[in-house]
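Me: I have a model open and would like to go through it step by step. Could you take my questions as they come?

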Amino acid sequence: MNEHAHPLSISERADELEEEKMHEMERIITKSTIAHLMDGEVKMDTGPEMKGKYPGKFFLMGGDPRLPPMPEKPTLVDYFRHRFASTAHLLQSATHALKGGQPEKVVLACLLHDIAIVSFIRCDHGYWGAQMIEPYVDEEVAWAVKTHQALRFFPDESVGYGYPDLYKELFGPDYRPEPYIVEEYKRARAHKWYMTSRLICVNDIYSFDPSAKVNLDDFVDIIGRNFKQPKEGLGLDNSPSAHMWRTILWPTRFL
Ligand SMILES: [Fe+2]
Ligand SMILES: [Fe+2]
């Protein structure tokens, strides 16, 4: 307990609690710079400083004991169960596509379209998500995931897709997408796979219906047929995006 004269602010108290918790850990757990940037601070957990704070301890070079354990050779389904912070939106979108009779490629694209948001990072989630899955899925699926981020902002009357009311609520009525999004939209609009990405938007369900029954088990076979699960475990293979999966697997490794 801190007994200084001035009362601690909520964030100071949170820092103190975090530090107390860290002292109980066997290894030193660090935050990456991007985690600090997201807290509005340009700083890093440097080696000497952290060693000074937690003398005699070594840095964590593996799984974070605070997180749910993952199997030795994790699959995409394991990431869904133990690393994705929320799966309802993805499962609902995929369920909608499945019930609408969409091909498996589209169902998979819907199931994976926001994985970056639920497991990794919000900013440019379409691009990150596409890179994560690119080595393991049909090229068209990764392309659709990348471009849905831009297409979401532009209506297409031919499929009954309008600018989402939710976006007006979330970003305000005056929000306009940045030029790089407008350019991405134009390229996507003229692309041969345009409709695949558009179908993600059409099935991108935001009105969460608590009575709707969604279950990851319904998609295990579709994943099995359409996602090339590496035998070494997702992230422990040698694909161009394996490091992204490893980062989600071991987000607080020192290096
Ligand atoms: Fe999205
Ligand atoms: Fe979405």
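Me: Let us begin with Asp45. Where does Asp45 lie?

Reply: Asp45 lies in the loop that runs between helix 2 (33-38) and helix 3 (47-53). Helices here are DSSP runs of H or I with at least four residues, strands are runs of E with at least two, and both are numbered from the N terminus.

Me: What kind of model is this, and how are things numbered?

Reply: This is a predicted model, in which local features need pLDDT of at least 70 and side-chain atom pairs count only at pLDDT 80 or more, while totals for chains, interfaces and linings use all residues. Residues are numbered from 1 along each chain as its sequence is written, chains are lettered from A and ligands numbered from 1 in the order in which they are written, and side-chain values use heavy atoms, with hydrogens and water left out.

Me: Back to the loop, then. Is Asp45 buried or exposed?

Reply: Asp45 is buried, because its relative accessible area is 16%. Buried means under 20% relative accessible area, exposed means over 50%, and partly exposed is in between, with a 1.4 Å probe and protein chains only.

Me: Which residues does Asp45 touch?

Reply: Not counting residues up to four places away in sequence, Asp45 touches Thr30, Lys31, His36, Met50 and Phe254. A contact here means heavy atoms within 4.5 Å.

Me: What polar contacts does its side chain make?

Reply: The side chains of Asp45 and His36 are joined by a polar contact of 2.8 Å. A polar atom of the Asp45 side chain also lies 2.7 Å from the backbone nitrogen of Lys31. A polar contact is a pair of N or O atoms within 3.5 Å; within protein, one must be able to donate a hydrogen and the other to accept it, and residues adjacent in sequence count only if both atoms are side-chain atoms.

Me: Now the overall fold. How many helices and strands are there?

Reply: The protein has 14 helices and zero strands. Its C-alpha atoms fill a box of roughly 65 × 45 × 40 Å along the principal axes.

Me: What share of the residues is buried?

Reply: Of the 255 residues in the protein, 42% are buried. Among contacts with a separation of 6 or more, 69% come from residues 24 or more positions apart.

Me: Which residues have the most contacts inside the largest nonpolar core?

Reply: They are Leu112, Ile133, Phe227 and Trp245, in a core of 55 residues. A nonpolar core is a set of buried Ala, Val, Leu, Ile, Met, Phe, Trp, Tyr and Cys residues joined through side-chain atoms within 4.5 Å. Leaving out residues up to four places away in sequence, Phe227 touches Leu76, Leu112, Ile133, Tyr136, Val137 and Leu234. A second, separate core has eight residues, including Met22, Met25, Ile29 and Tyr54.

Me: Why is helix 6 described as largely enclosed?

Reply: Helix 6 (residues 104-112) is largely enclosed by the rest of the structure because seven of its nine residues are buried. These are Val106, Val107, Leu108, Ala109, Cys110, Leu111 and Leu112.

Me: What does Thr196 touch?

Reply: Thr196 is in helix 12 (residues 194-202) and touches Val106, Glu140 and Ala144, with residues up to four places away in sequence not counted. Its side chain and that of Glu140 are joined by a polar contact of 2.6 Å. Thr196 is buried, with a relative accessible area of 8%.

Me: And Pro230, where is that?

Reply: Pro230 lies in the loop between helix 13 (220-226) and helix 14 (242-249). At 12% relative accessibility, Pro230 counts as buried. Apart from neighbours within four places in sequence, Pro230 is in contact with Tyr136 and Asp237.

Me: One last item: what is the phi of Asp124?

Reply: Phi of Asp124 is near 60 degrees, a positive value in a residue other than glycine. Most residues other than glycine have a negative phi. Asp124 is found in the loop between helix 7 (115-119) and helix 8 (125-133), and at 23% relative accessibility Asp124 counts as partly exposed.
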